[in-house]
Amino acid sequence: QVQLVESGGGLVQAGGSLRLSCAASGNVFSINYMGWYRQAPGKQRELVAEISRSGSINYVDPVKGRFTVSRDNRKNTVYLQMNSLKPEDTAAYYCFARTPAPRNYNYWGQGTQVTVSS
């Protein structure tokens, strides 16, 4: 089992920045990818960014150039630096940690709210 604890959400004006953190504990050696999904009201949960243990990174197109995902494997922590925030970034952000193939099982954090005012 893996436990994920998130921090760093909040309310910010458009154009502002926030940094999310997510610390993993438990059977962390079973994890490959870590990252973030988000879910806005009335919408499906979508992948925002992910980073593998070796540093391979993927971003969803709307956040490219504005968000940066990073990871500290010694601290088992993943970060999401969000700059130039837009109202459409408003959502609940969920940290995840995924085991390698073939299982590809996702552990989830409790979620943290990000609200961007216009």
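**Cavity, core and rings**

Tutor: Gladly; keep in mind that this is a predicted model, and that the search for cavities of 30 Å³ or more comes to a count of one.

Student: What volume does the largest cavity have, and which residues line it?

Tutor: Its volume is about 30 Å³, and the lining consists of Val28, Ile31, Met34, Arg53, Arg71, Asp72, Asn73 and Asn76.

Student: Let's follow Asp72 for a moment: where is Asp72 placed, and is Asp72 buried or exposed?

Tutor: Asp72 belongs to strand E7, which covers residues 67-72, and Asp72 counts as buried because its relative accessible area is 15%, where the limit for that class is under 20%. Leaving aside residues up to four places away in sequence, Asp72 touches Thr77 and Tyr79.

Student: Changing topic to the core: how many residues does the largest nonpolar core have?

Tutor: The largest nonpolar core has 29 residues, and those with the most contacts inside it are Leu4, Trp36, Leu80, Met82 and Tyr93. At least two residues of this core come from each of strand E1 (2-7), strand E3 (18-26), E4, strand E5 (46-51), E7, strand E8 (77-82), E9 and strand E11 (112-117). As background, nonpolar side chains in soluble globular proteins tend to be buried together.

Student: Take Met82 then: why does it count as buried, and what does it touch?

Tutor: Met82 lies in strand E8 and counts as buried because its relative accessibility is 0%. Not counting residues up to four places away in sequence, Met82 touches Gly16, Ser17, Leu18, Leu20, Arg66, Phe67, Tyr93 and Val114.

Student: Which residues does Val63 touch, and where is Val63 placed?

Tutor: Val63 sits in the loop between strand E6 (57-59) and E7, yet Val63 counts as buried because its relative accessibility is 0%. Val63 touches Arg38 and Val48, again not counting residues up to four places away in sequence. By way of a distance, the C-alpha atoms of Val63 and Gln3 are separated by 26 Å, and the two residues are 60 residues apart along the chain.

Student: Now the rings: how many aromatic pairs are there in the whole structure?

Tutor: The search finds four aromatic pairs. In one of them, Tyr37 and Phe96 have ring centres 5.2 Å apart and planes at 75°, so the pair is edge-to-face, given that planes over 60 degrees apart fall in that class. This pair links distant parts of the chain, with Tyr37 in strand E4 (residues 33-39) and Phe96 in strand E9 (residues 91-98), 59 residues apart.

Student: How are the rings of Tyr37 and Trp108 arranged?

Tutor: Tyr37 and Trp108 have ring centres 5.2 Å apart and planes at 70°, so this pair is edge-to-face. Because Tyr37 lies in strand E4 and Trp108 in strand E10 (residues 106-108), the pair ties together parts that are 71 residues apart in sequence. Tyr37, Phe96 and Trp108 form one aromatic cluster.

Student: Which of those are buried, then?

Tutor: Tyr37 and Phe96 are buried, with Tyr37 at a relative accessible area of 19%, whereas Trp108 counts as partly exposed because its relative accessibility is 36%.

Student: Last one: which arginine lies over the face of Trp108, and which charged end sits over Tyr79?

Tutor: Arg45 lies over the face of Trp108, at 4.7 Å from the ring centre, and the charged end of Arg19 sits over the ring of Tyr79, 4.1 Å from its centre.

Note on methods: Residues numbered from 1 in each chain as written. Predicted model: local features only at pLDDT ≥ 70, side-chain atom pairs only at ≥ 80, totals over all residues. Heavy atoms only, no water. Helix = DSSP H or I, 4+ residues; strand = E, 2+ residues; numbered from the N terminus. Buried < 20%, exposed > 50% of the residue type's maximum accessible area, 1.4 Å probe, protein only. Contact = heavy atoms within 4.5 Å. Phe/Tyr/Trp six-rings, centres within 6.5 Å; stacked < 30°, edge-to-face > 60°. Lys NZ or Arg CZ within 6 Å of the ring centre and 35° of its normal. Core = buried A, V, L, I, M, F, W, Y, C linked by side-chain atoms within 4.5 Å. 1 Å grid on protein atoms, 1.4 Å probe; cavity = no way out; pocket = protein on both sides within 12 Å on 5 of 7 lines; lining within 4 Å. Points joined across faces, edges and corners; volume = space filled by probe spheres on them.
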